[in-house]
4 protein chains.
Amino acid sequence: MKIRAAIIGASGYSGEELVRLLLRHPRVQIACVTSRQNSGKKLADVFPKFASHPVAQRLKFVEPRLERVLKTLGANPRSAVVFLALPHGVASEWASPLWNLGVRVIDLSADFRLNSAAAYKEFYGQDHPAPRLVGRAVYGLPELYRAKIKRSRFIASPGCYPTSILVPLIPLLRAKLIQPGGIVANSLSGVSGAGRTVQENLLFCECNESVRAYGIPKHRHVPEIEQELSLAAGRRVLIQFNPHLIPVNRGILTTVCVQPSTKSGNLPAAIARCYERAYGGEPFIRLLTGTAMPDTKNVAGTNVIEIAHRVDPRTGGIILLSAEDNLTKGASGQAVQSMNILFGFPETSGLL
Amino acid sequence: MKIRAAIIGASGYSGEELVRLLLRHPRVQIACVTSRQNSGKKLADVFPKFASHPVAQRLKFVEPRLERVLKTLGANPRSAVVFLALPHGVASEWASPLWNLGVRVIDLSADFRLNSAAAYKEFYGQDHPAPRLVGRAVYGLPELYRAKIKRSRFIASPGCYPTSILVPLIPLLRAKLIQPGGIVANSLSGVSGAGRTVQENLLFCECNESVRAYGIPKHRHVPEIEQELSLAAGRRVLIQFNPHLIPVNRGILTTVCVQPSTKSGNLPAAIARCYERAYGGEPFIRLLTGTAMPDTKNVAGTNVIEIAHRVDPRTGGIILLSAEDNLTKGASGQAVQSMNILFGFPETSGLL
Amino acid sequence: MKIRAAIIGASGYSGEELVRLLLRHPRVQIACVTSRQNSGKKLADVFPKFASHPVAQRLKFVEPRLERVLKTLGANPRSAVVFLALPHGVASEWASPLWNLGVRVIDLSADFRLNSAAAYKEFYGQDHPAPRLVGRAVYGLPELYRAKIKRSRFIASPGCYPTSILVPLIPLLRAKLIQPGGIVANSLSGVSGAGRTVQENLLFCECNESVRAYGIPKHRHVPEIEQELSLAAGRRVLIQFNPHLIPVNRGILTTVCVQPSTKSGNLPAAIARCYERAYGGEPFIRLLTGTAMPDTKNVAGTNVIEIAHRVDPRTGGIILLSAEDNLTKGASGQAVQSMNILFGFPETSGLL
Amino acid sequence: MKIRAAIIGASGYSGEELVRLLLRHPRVQIACVTSRQNSGKKLADVFPKFASHPVAQRLKFVEPRLERVLKTLGANPRSAVVFLALPHGVASEWASPLWNLGVRVIDLSADFRLNSAAAYKEFYGQDHPAPRLVGRAVYGLPELYRAKIKRSRFIASPGCYPTSILVPLIPLLRAKLIQPGGIVANSLSGVSGAGRTVQENLLFCECNESVRAYGIPKHRHVPEIEQELSLAAGRRVLIQFNPHLIPVNRGILTTVCVQPSTKSGNLPAAIARCYERAYGGEPFIRLLTGTAMPDTKNVAGTNVIEIAHRVDPRTGGIILLSAEDNLTKGASGQAVQSMNILFGFPETSGLL
C-alpha cells in the first residue's frame with residue numbers, strides 16, 4: 001500500500017525535484033501539490049517533462065491552504081507525509097499546525113535545522129516564527145542520524161552546502177583525526193541552488209561565462225554547518241565558508257582544507273579507514289580511491305555524494321573533496337531518503 | 001615605427017591570444033608565427049576570427065625553426081621581440097640561442113619563472129633543460145616588478161593561477177598585514193587554461209555540466225606562487241592550493257583565506273589602504289569597493305584583474321578574491337604589458 | 001528470468017547510454033561489455049557514475065573478440081541479445097557471424113539501415129562490407145514498425161536525426177496531408193551526437209559559445225531519411241537537411257517545413273487528428289497541444305519524443321517540430337525499446 | 001573633434017553594447033545615458049566591466065526625460081546623435097520630438113523599420129504611435145543602403161534576425177539568381193537576443209541544456225524581412241521564418257534554403273561572383289570559401305557577418321548560411337556603422 005504525500009511549494013526547483021522522485025517512488029502516492037502561481041494548472045502543463053506520467057496528467061496544483069491540503073491526505077493524516085519546500089519563515093507557518101495534528105513533516109527549509117533561536121535570528125534576520133518547535137526536529141542527515149530519524153515524525157532536511165561539507169568532515173572530527181580549528185570550505189554550486197527566483201543576476205546571460213563568489217563571509221548555511229561540526233567535535237567549531245556560483249544547472253563541488261590532529265604514521269590510510277568504518281555500507285556515499293576525483297557530472301540526478309581525500313606531504317594539510325547534486329542529495333533526494341527511514345521503507349526506495 | 005614580433009607556438013590558446021592582441025597593437029608588427037601542425041597555412045584560415053585583418057590574410061605559419069624565425073626579425077634582431085608560447089621544456093630550446101643572440105624574449109612557459117633548478121625538477125619531473133639561464137629572467141608581473149622588467153631583456157611571464165593569487169596577496173604580505181602561514185587558495189579556471197590539448201577529458205561533453213578539482217595537492221604552479229610569496233614575506237611561505245576546472249571558456253576566480261597578523265583597529269580599511277597604495281594608479285588592477293564581488297565576466301577579454309577583500313568578524317579571518325581572464329592578464333595580455341614596458345611604449349598600448 | 005545482453009563498443013556515448021539503461025532494466029543482465037581501450041578495467045572505474053551499481057563494481061570490459069563475447073551469453077546464445085554500438089563498417093564484421101549463429105542483434109550503426117548497397121556506397125564512401133545482409137534487418141522505429149520488429153531477430157536501430165524527422169513526418173505523408181516535395185528539415189544537435197571522438201573541434205572551448213552548421217548538403221543520415229519518407233509517401237522523396245551543432249550535451253531539436261497537399265478546411269485540426277490516430281496511445285511520443293513547444297530539456301535522459309505543429313496562415317506552410325534526447329530516443333533508448341518488443345517484454349520496461 | 005551621443009535606454013543589452021562601442025570610439029563622446037531603474041548610478045557601478053574607463057567612472061545614468069537629455073547635447077543638438085535602445089512603441093515617443101528638433105536619430109527599435117503602418121499594427125498589435133514618421137527613416141543596413149544613410153538624419157537600424165537573413169539573400173534576389181518563392185530561414189539566437197528581461201523562461205537553468213523554437217509562425221521580424229526581400233525581388237516575397245533560442249550569450253546562426261531561378265552552368269561559382277560583386281570590399285562582410293562554415297564564435301564581439309553558400313546537387317537547392325553577433329552587427333555595431341556614415345567618419349571607426 002502507498003502512503004500519501006503532499007508537497008507544499010511544488011513550483012520551485014526542490015519542489016519539482018520532489019515531484020520527480022516521488023512520481024517514481026513505489027510506495028508513495030502524490031496526493032497534493034501546492035503553488036500560489038500555478039494553482040489550477042496540471043502538473044503536466046507546468047512541468048512538461050513529467051507529462052508522460054498518468055499522475056501528472058491528472059493532478060492539479062492547489063492553493064497552499066492547510067485545510068485544502070489536509071483533505072487530500074486521507075482519513076488518517078498521521079500516516080501521510082507533508083514535504084515543505086518553502087522559503088524559511090513560511091515553512092514555520094505550516095510546521096506548527098501539522099505538528100499539532102501529528103502529521104509527519106519533512107521540512108526542506110532552514111526553519112528547524114538550528115537548535116538555537118538566537119542563531120536563527122542572527123543569520124536569518126528575524127525572530128524565529130515558531131520558537132516552541134525549535135529543537136524538536138531531527139536533522140535529516142541519514143548517514144549520521146539514522147536512528148533518530150527513524151523515531152521522529154519531524155525532519156529538518158539539511159541544506160545543500162552543509163550536506164557537502166558535513167559528510168566528509170564529521171567522521172574525521174568524531175575520530176579526532178583532524179583539528180577542529182582553522183577549517184576552510186570552498187563550495188561551487190550550480191545555479192539551481194539559487195532557486196527558481198526571477199531576478200536579473202540569475203538570467204542566463206548573467207550566469208553563463210561567469211564565475212563569482214557570493215555570501216561571503218556570512219552565508220546563511222554557516223550556523224547549521226557549525227552546529228553539526230561542533231556536535232561532532234565536542235566543542236565549538238567555527239568555519240570559513242566560501243560559496244561560489246558556477247554555470248551549471250545542478251551540482252555542488254566542495255573542497256575543504258583541514259589540519260591533522262596528530263602526525264599519524266599513515267594519514268591517508270587512517271582517513272580511508274575512518275571513512276570506510278563510517279560509510280562503508282552506505283548506498284549513497286561513494287568513497288573514491290586511487291586518483292579518482294569527485295565530479296558533479298557523476299552524481300547529477302542521483303542521491304549519491306562522492307568523497308575523496310588527499311594529504312599534502314609538503315604542507316601537512318588535508319584536503320577533503322565532495323560532489324553531490326544540490327537538488328537531490330543536497331535537498332529533495334535526501335528528504336525522500338529520510339522519508340523512507342521514517343516509514344520503514346527500504347532506504348533506497350525510489351532513489352536508485 | 002613598429003617593432004617586429006615573432007610568436008613561437010601560435011596555435012595554442014595563449015599563442016592565439018597573443019595574435020589577437022598584437023594584431024591591434026599600434027607599435028607592433030607580427031613578423032612571424034610558428035606552428036608545427038599549421039605550417040604553410042594562413043593565419044586567416046586557421047583562425048577565421050582574425051580573417052578581416054590584412055595581416056592575417058597574408059601571414060602564413062612557418063615551421064618552428066630558429067633560422068627561419070630570425071630571418072623575419074629584420075636587420076637588427078635585438079630590436080625585435082620573440083614570444084615563446086610553448087610547453088615547458090620546449091621553451092628552453094629557444095630561450096638559450098635567443099639569449100645568446102641578444103634578442104628580447106618573453107617566455108610564457110614555466111621554464112624560467114623559478115629561481116631554483118631543484119624546484120623545477122621537483123615539480124616538472126625533469127632536469128632543467130637550460131640551467132645556465134635559471135635566475136636570469138625577470139618575473140613578468142608588471143605591478144610588482146615594473147622597474148626590473150624595464151631593465152631586462154628576458155621576461156618569464158607568470159602563470160595564470162599565480163597572477164590571480166600573487167596580486168591580492170603580495171601587498172598585504174609586504175605590509176605584514178597578514179600572517180605568512182596557513183594560506184589557502186582556491187582557484188576556479190575556465191577550460192582554456194588547459195590549452196588546446198586534444199584529450200578526452202577536455203571534450204565538450206566531459207566538461208559541460210561538470211565541476212571538478214584536479215592537480216591536488218601538487219599543481220605545477222605551486223613553486224612559483226610560493227617563491228614570490230616568500231620573497232614578499234621575507235621568509236619561507238607554503239600554500240595550500242586547490243585548482244578546479246569549470247565550464248567556461250575564459251576566466252579564473254580565486255578565493256584566498258588568510259589570517260591577519262595583528263588585531264588591527266579597522267582591518268578592512270587597512271587592507272583597502274594597503275591596496276590603494278600598492279595599486280591605486282594601476283590601469284589593469286580594479287579595486288572593488290562596497291559589496292561588489294569579482295566576476296570573470298567583467299574581465300573576460302581584458303587585461304584587468306579585479307580584487308576585493310572581506311574580513312569575517314566571527315572567525316577573524318580575511319578572504320581575498322580576484323577575477324582575471326586566464327588568457328589575457330593570466331598569460332598573453334600580461335606578456336604584452338611587459339613588452340610595452342620593455343620597449344618604453346605606453347603600458348596600456350594595445351591593451352585597452 | 002533475465003536475458004543476457006552484450007554491448008559491443010561500450011565506451012562511446014551510445015554504448016554508455018546502453019549501459020545506463022540496461023543496468024536498471026528488470027529483465028536484462030549485462031553479460032559483457034567490450035572496449036579496446038578500456039579492456040581489463042571495471043565498468044565502475046571507467047564510468048564512475050555507475051559505480052554504485054553492483055554489476056558495475058564487478059563487470060570488466062573485455063577485448064572485442066567474438067568468441068570472448070559468445071562465452072558470456074550462456075548455453076543458448078539465441079536467447080541472448082547483442083547490441084552493436086560501433087562505427088559503421090565495423091558493425092558489419094560482427095553482424096555477419098552473429099546472424100549466422102542466430103543470435104539476436106540490435107545494431108546502432110548505419111550499416112543495415114539502408115535497403116540499398118549503392119546508397120550505402122554513395123554516402124559512406126565504401127562498398128558495403130556485408131552486402132548479403134543488406135535488407136535483412138528491420139528498421140527499428142517501434143512506433144512505425146512494431147509488428148515487423150516483433151517478428152525479427154535483426155534490428156537496424158535508426159539514427160538520431162532520422163528519428164527526429166521521421167516521427168513527425170511519416171503519419172502526415174501516409175495520410176497524404178502534406179506534399180512529398182520541397183521538405184526542408186533543420187536539426188540542432190547536442191555535442192554528444194558526435195560521439196566520444198577526441199578531436200579538436202569537439203573540445204569544450206571550440207563548442208561552447210559556438211553554433212555552427214555542418215555536413216551540408218550531404219550528411220550521412222540523408223539516405224536513411226529519404227528511404228523511409230519514400231516508403232511512407234509511396235514515391236521518391238528528397239529532403240533538404242541542415243544539421244547544426246549546439247553547445248548542449250544531449251538533445252536534438254528539429255524543425256521541418258512542408259507544404260500541405262490540399263487546402264484543408266482546418267489543417268491544424270487535421271494534423272492533430274492524424275497524429276492522434278498514429279501515436280495516440282504511444283508511451284514515448286508526447287503530442288504537444290496549445291502553445292507548448294518542444295524543448296530538449298523536457299526529454300533529456302528519457303525515451304520520449306515531443307512533437308508539435310503549426311500552420312502559417314500567411315504562407316500556407318506547415319511547420320513540424322520535435323525534441324528528443326539524441327542518445328536515448330535517438331539511439332540507445334530506442335534500441336532498448338526494440339529489444340523489449342523482440343523479447344515480448346512490456347515495451348516501457350526499463351525506460352520509464 | 002568629437003560628436004556628442006546620447007543613449008536612451010542604456011541598461012538593456014543593446015544599450016550596454018552601444019556603451020561598449022562608443023566608449024572606445026575615437027570620434028564620439030558619450031554625453032548621456034538614460035535608465036529608469038539605474039538613474040543616479042554611475043556607469044562603472046552598473047557595468048563593472050567598463051569601470052576602468054574614465055568616462056564610466058564619471059558618467060551617471062539620468063532619468064529618460066527629453067529636456068534632461070537635450071541639455072547634454074551641447075549648443076547645437078543638430079550635430080549630436082541620439083541612439084534609441086528602447087522597446088517598440090516607446091521609441092516613437094522620442095523619435096517625434098527629436099525629428100522636429102532636427103537631431104540625428106538612430107533608432108534600434110522596430111518602430112520605423114516598416115514602411116507600412118498597417119503591417120506594424122498587424123505584427124505589433126497596436127496602432128503605430130507616430131504614423132506621420134512612418135517611411136521617413138532609412139533602413140540602416142549600410143551594405144545595402146549606404147548612400148541613403150549618408151543623406152539621412154533618421155535611421156531605423158535593422159533587427160538582428162533580419163540582418164542575418166537579408167545580407168545573404170538580397171544580392172541573389174537582385175541578381176535574379178534565386179526564386180523569390182519558397183524561402184525557408186532557420187535562425188538560432190543566443191539568449192541576449194531576448195534582452196535583459198527578467199522573466200522565468202530566461203533564467204539560467206531554463207535556458208542552459210535547452211534548445212527550443214519560439215515565435216513560430218509569426219515572429220515580429222517577419223514583416224521587416226519580407227519588406228526588404230520584396231524590394232530586392234521587385235515583387236511580393238513571403239518567407240517561412242523559424243527562430244530558435246540556444247544556450248549561448250551572443251550570436252545568431254542562420255540557414256536559408258532557396259531554389260535557383262535557372263539551371264545555371266556553375267551555380268556555386270555564380271553565387272560566389274554575385275557575393276564578390278556585392279560585398280567584395282566590405283569591411284564587415286566575410287565571404288567564406290572552400291569548406292569553411294560560419295560559426296558564431298568567430299564573430300562574437302565584432303561587427304562582422306560571415307556568409308557561405310552550398311548548392312545541393314541532389315535536390316538542386318541552395319543553402320545560404322550566415323553568422324553574426326546579434327548585439328553587434330545585429331544591433332549596436334550596425335547602428336554605430338550607420339552613425340559613422342551619417343557623420344562622414346571612416347566606416348570602421350570604433351568597430352575594429
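# Notebook: loops, strands and contacts in a predicted model

I found C:Pro217 in the loop between strand 9 (212-213) and helix 10 (222-233) of chain C. Helices (H or I, at least four residues) and strands (E, at least two) are DSSP runs, numbered from the N terminus. The model is predicted, so I note that local features need pLDDT of at least 70, that side-chain atom pairs count only at pLDDT 80 or more, and that totals for chains, interfaces and linings use all residues. Residues are numbered from 1 along each chain as its sequence is written, while chains are lettered from A and ligands numbered from 1 in the order in which they are written.

In chain A, the bond from A:Ile216 to A:Pro217 is cis, with omega near 5 degrees. A:Pro217 sits in the loop between strand 9 (212-213) and helix 10 (222-233) of chain A.

I checked A:Glu209, which is not a glycine but has a positive phi of about 55 degrees. Its place is the loop between helix 9 (204-207) and strand 9 of chain A. A:Glu209 has 21 other C-beta atoms within 10 Å and is buried. The cut-offs I used: buried means 20 or more other C-beta atoms within 10 Å of the residue's own, exposed means 12 or fewer, and partly exposed is in between, with C-beta atoms placed from the backbone.

B:Lys176 is not a glycine and also has a positive phi of about 55 degrees. I located B:Lys176 in the loop between helix 8 (160-174) and strand 8 (183-189) of chain B. B:Lys176 has 14 C-beta neighbours inside 10 Å and counts as partly exposed.

I placed A:Ser11 in the loop between strand 1 (3-8) and helix 1 (13-23) of chain A. It counts as buried, with 22 C-beta neighbours inside 10 Å. Leaving out residues up to four places away in sequence, A:Ser11 touches A:Ser35, A:Gln37, A:Asn38, A:Val46 and A:Arg196; contact means C-beta atoms, placed from the backbone, within 7 Å. I also took the separation of the C-alpha atoms of A:Ser11 and A:Leu173, which is 38 Å for residues 162 apart along the chain.

I went through strand 8 (residues 183-189) of chain A and found 7 of its 7 residues buried, so the strand is largely enclosed by the rest of the structure. A:Ile183, A:Ala185, A:Ser187 and A:Ser189 point one way, and A:Val184, A:Asn186 and A:Leu188 point the other way.

Strand 8 of chain A runs parallel to strand 10 (residues 239-245) of chain A, joined by 7 bridges. Strands pair if DSSP finds at least two bridges between them. Within this pairing, A:His244 is the bridge partner of A:Leu188. Strand 11 (residues 252-258) of chain A pairs with strand 8 of chain A in the antiparallel sense over 6 bridges, and there A:Val256 is the bridge partner of A:Ala185.

I noted D:Pro142, D:Leu144 and D:Ile149 as buried in helix 7 (residues 142-151) of chain D. They cover an arc of only 120 degrees around the axis, which puts them on the same side of the helix; the arc is that of the directions from the helix axis to the C-beta atoms. The face turned away from the buried side carries the exposed residues D:Ala147 and D:Arg151. The buried residues of helix 7 pack against strand 6 (138-139), strand 7 (154-156), helix 8 (160-174) and helix 12 (328-342) of chain D.

I looked at the contact between chains D and C, which takes 37 residues from chain D and 37 residues from chain C. On the chain D side, strand 8 (183-189), strand 9 (212-213), strand 10 (239-245), strand 11 (252-258) and strand 14 (318-324) each supply at least two residues.

I then laid chain A on chain B: a turn of 180 degrees and a shift of 0.0 Å along the axis give an RMSD of 0.0 Å. The two copies are thus related as by a two-fold rotation axis. The superposition is by least squares on the C-alpha atoms of residues with pLDDT of at least 70 in both copies.

Note on methods:
Two residues are in contact if their C-beta atoms, placed from the backbone, lie within 7 Å.
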